[in-house]
Amino acid sequence: MEILLTIVAVVAILAGLAGVILPLLPGTPLVFAGLWLLAWLDGFVHVGTVTLVVLAVLAALALLVDYLASALGVKRVGASGLAVTGALIGAVVGVFGGFIGVVVGPVIGATIGELLSRTGHRQAARAGVAAGLGFIVAIVAKLGISFAMLGIFAVAWMV
């Protein structure tokens, strides 16, 4: 049974890493779940509570980055508050639209928000592009956080 659970933990970690890039999978929560399962299988001998709390905080940070990156990208280009709100709403609603929805949701939301604020098509397009770039920045940040989680776990395991 222990071998089966170890395989499940490794599959969760690998699926989590894939989920960082493919937004249909909950990336960092799966990475955390796999790491927690490995620690549990070891009786928390090598990886204890403090390390697991740090990993949980990093996983939560990655989720926050996921939702805020597009909105912050939109804000960075001087878009209106409606565009920022639109990017946030688009990110949340996009989850229900599969991969395309997650990618396009913040872009459409920011663009619509900026159009509603009557700042013109050019600024609306800038807001949409900024939301898309924010999505890419979020993927890079989540990858960094996920690999940091793996590194912290590995160091704790070896010490």
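**Helix packing and aromatic pairs**

Trp 36 and Trp 40 both belong to helix H2, where four residues, about one turn of the helix, separate them. The model is a predicted one. By the ring-pair criterion applied here, three aromatic pairs were counted. In one of them, Trp 36 and Trp 40 are stacked, with ring centres 6.3 Å apart and 10 degrees between the planes. The angle of 10 degrees falls in the stacked class because planes under 30 degrees apart are assigned to it. Ring pairs also bring in Phe 44, giving a cluster of Trp 36, Trp 40 and Phe 44. Trp 36 is partly exposed, at a relative accessible area of 36%; Trp 40 is likewise partly exposed, at 43%.

Helix H2 spans residues 27-41 and packs against helix H1, residues 2-21, with the two axes coming within 7 Å and crossing at roughly 160 degrees. This crossing angle makes H1 roughly antiparallel to H2, since angles over 145 degrees are placed in that class. The crossing of the two helices is left-handed.

On the H1 side, the contact is formed by Glu 2, Leu 5, Thr 6, Val 8, Ala 9, Ala 12, Ile 13, Ala 15, Gly 16, Leu 17, Gly 19 and Val 20. The residues they meet in H2 are Gly 27, Thr 28, Leu 30, Val 31, Gly 34, Leu 35, Leu 37, Leu 38, Trp 40 and Leu 41. By class, the contact of H1 with H2 comprises 15 nonpolar, six polar and one charged residues.

Conventions. Residues are numbered from 1 along each chain as its sequence is written. This is a predicted model: local features need pLDDT of at least 70, side-chain atom pairs count only at pLDDT 80 or more; totals for chains, interfaces and linings use all residues. Side-chain values use heavy atoms; hydrogens and water are left out. Axes are lines fitted to C-alpha atoms, for helices over the stretch in contact, and angles run from 0 to 180 degrees between N-to-C directions. Angles under 35 degrees count as roughly parallel, over 145 as roughly antiparallel, 65 to 115 as roughly perpendicular and the rest as oblique. A crossing is left-handed if the near helix is turned anticlockwise from the far one by less than a right angle, and right-handed if clockwise. Contact means heavy atoms within 4.5 Å. Ala, Val, Leu, Ile, Met, Phe, Trp, Tyr, Cys and Pro count as nonpolar, Asp, Glu, Lys and Arg as charged, and the others, Gly among them, as polar. Rings of Phe, Tyr and Trp (its six-membered ring) pair if their centres lie within 6.5 Å; planes under 30 degrees apart count as stacked, over 60 as edge-to-face and the rest as tilted. Buried means under 20% relative accessible area, exposed over 50%, partly exposed in between (1.4 Å probe, protein chains only).
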